[in-house]
Amino acid sequence: MENFKQQSASPREVLESLAAKQGLDLLGPAFADHMDNEDPLRGMKDRFVFPRLADQTCVEGIMAEGEEEECIYMCGNSLGLQPKTTKDKVAETLNSWAKLAINSHFHGSLPAAYCDNYGRETLGDLVGAAPSQVVIMNALTVNLHLLLLDFYQPTETRYKIMIEGHAFPSDRYAIQSQVRLRGLDPEKAVLQVRPRPGEHTIRTEDILQLLKEEGPSIAVVCLSGVQYYTGQKFDMERVTKAAQEQGCVVGWDLAHAVGNVEVKLDEWGVDFACWCTYKYLNSGAGCLGGSYVNARHNERTGPRLQGWWSNRQETRFEMQEHCDRSSAVDGFRISNPPPLLIACVLSSLEIFREAGMARLLQKQFLLTGYLEMLIKSHFRRGDNERPLVTIITPEDTSQRGCQLSLIFSFPLKQVHKEISKRGIMCDIRQPNVMRIAPAPLYTSFRDVHRFVTILGSVFDLCKTEAG
Ligand SMILES: *Cc1c(COP(=O)(O)O)cnc(C)c1O
């Protein structure tokens with residue numbers, strides 16, 4: 001595939017020209033197959049374990065055609081698939097513990113005492129940071145708390161934390177509780193930037209305007225890089241710059257951004273960031289999170305929660321009276337890391353290293369564009385034969401990653417139930433959105449085509465039943 005991103009063409013225009021060149025019907029399955037044949041990442045699908053329909057006994061009325069039929073997986077934004085290598089890597093780590101016992105702390109394939117130093121390079125690449133500025137530790141919300149305890153230093157006049165309206169609940173609760181911990185009232189100290197009435201996503205100009213108006217009272221701006229509900233990607237670079245010009249500290253929650261969109265934390269001068277690794281990064285539910293601190297904060301000395309892992313590695317085992325705190329993000333660590341979970345993170349990072357973010361972004365541009373194009377062609381406004389599907393994720397490809405959030409003119413739960421029976425895995429979120437995320441690492445054009453075909457057949461069915 002050529003570098004389409006450098007052109008200003010929309011994904012639809014690119015897809016149309018590719019189909020025309022081959023003399024293929026843009027909407028037909030043969031074009032999907034053609035795109036898959038041309039996909040340099042097509043082999044990556046094989047690196048993952050796909051859930052089989054027959055195993056989904058939790059889904060009422062599952063319609064499996066055979067034992068081996070695989071589901072179409074559209075929720076890598078929620079929980080990534082298991083890499084086939086994860087089992088072996090975990091087994092190897094278990095073996096190391098069994099065979100070496102205490103000696104596995106410093107020896108073996110993934111020495112416990114150093115295991116959180118592995119993978120920094122790939123992790124850094126994924127978020128555009130030097131390896132020394134990122135670390136794998138804890139879980140996302142825990143990391144958000146640890147970072148805010150240091151970076152949120154409210155004063156009499158500058159005490160607010162800005163988040164987006166409808167932020168992921170865990171972030172909201174974390175921030176509300178941080179504010180309360182400092183004796184402040186969340187009603188006054190948590191500032192939410194929201195979409196305009198009648199709109200679903202937040203305009204960059206509105207974020208910038210709010211920063212202009214409220215800047216001097218904002219201590220920390222803490223938005224998500226990609227919004228979990230709408231799939232909107234914020235202009236992280238511009239927002240960071242504008243907020244810092246107002247004297248705010250800027251932290252990004254990259255849960256839905258890492259492994260999904262381009263992130264350049266060092267270049268953008270972001271103060272801190274954190275993310276989980278079990279969504280696009282496929283490390284397994286609840287697995288370890290990642291954190292970033294900009295180099296300009298390496299020598300911060302303010303009070304912080306500490307443990308033995310905050311201590312510099314070189315002197316950690318001297319067991320000194322006072323903590324000889326590591327610089328940079330390493331000084332935010334508290335406890336010794338679990339090698340079993342690091343193994344899960346590493347097996348996924350190896351796949352990302354191989355696939356390369358640049359190629360993933362290329363494919364994502366076309367694959368999500370393909371999904372968008374099919375939905376718009378099949379379920380369009382004015383076609384009163386069928387329920388309407390509205391995509392609330394921005395059409396502008398610089399404002400989204402792989403996820404599209406859909407709203408139906410039909411009861412969401414019913415649609416979800418019917419497509420689940422037919423082997424589509426995706427999720428719905430209150431109040432009324434279905435999130436479809438064709439992760440470019442393991443989703444084919446044919447999968448997307450099948451998804452839209454099944455959605456169409458289910459719509460016909462729902463309509464008949466309702467009628
Ligand atoms: C997934 C997600 C979380 C989950 O937090 P954990 O601490 O890993 O349970 C938090 N915030 C956002 C924005 C998320 O997308």
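Asp171 is located in helix α6, where helices (H or I, at least four residues) and strands (E, at least two) are DSSP runs numbered from the N terminus. The model is predicted: local features need pLDDT of at least 70, side-chain atom pairs count only at pLDDT 80 or more, and totals for chains, interfaces and linings use all residues. Residues are numbered from 1 along each chain as its sequence is written, and side-chain values use heavy atoms, with hydrogens and water left out.

With a relative accessibility of 11%, Asp171 counts as buried; the classes are buried under 20% relative accessible area, exposed over 50%, and partly exposed in between (1.4 Å probe, protein chains only). Apart from neighbours within four places in sequence, Asp171 is in contact with Leu144 and Asp253, contact meaning heavy atoms within 4.5 Å.

## Annotated binding-site residues

An unreviewed UniProt entry applies the annotation "binding site" to Leu140, Thr141, Phe168, Pro169, Ser170, Asp171, Ser224, Asp253, His256, Tyr278, Trp308 and Asn336. These positions span 197 residues in sequence, and the farthest two C-alpha atoms are 31.3 Å apart, so they do not all gather at one spot. From this set, Leu140, Phe168, Asp171, Ser224, Asp253 and His256 belong to the lining of the largest cavity. UniProt positions follow the numbering used here, feature names are shortened, and annotations may be inferred rather than shown by experiment.

A cavity is a set of points, on a 1 Å grid over the protein atoms alone, where a 1.4 Å probe fits but cannot get out; lining residues have an atom within 4 Å of a point. Phe168 lies in the loop between β5 (160-164) and α6 (169-181) and is partly exposed, with a relative accessible area of 34%.

## Salt bridges

The structure holds 30 salt bridges, each a side-chain nitrogen of Lys or Arg within 4 Å of a carboxyl oxygen of Asp or Glu. Arg312, partly exposed at 34% relative accessibility, pairs in this way with Glu314, the closest N and O atoms being 3.4 Å apart. Glu314 is exposed, at 60%. Arg312 also meets Asp324 in a salt bridge (3.2 Å, N to O). Both Asp324 and Arg312 lie in the loop between β10 (289-293) and α11 (339-355), so the pair ties together parts that are 12 residues apart in sequence. Asp324 is partly exposed, at 22%.

Elsewhere, Lys264 forms a salt bridge with Glu267, with 3.9 Å between the closest N and O atoms. Lys264 is partly exposed at 29%, whereas Glu267 is exposed at 57%. A network of salt bridges links Asp116, Arg120, Asp330 and Arg333.

Conventions: 1 Å grid on protein atoms, 1.4 Å probe; cavity = no way out; pocket = protein on both sides within 12 Å on 5 of 7 lines; lining within 4 Å.
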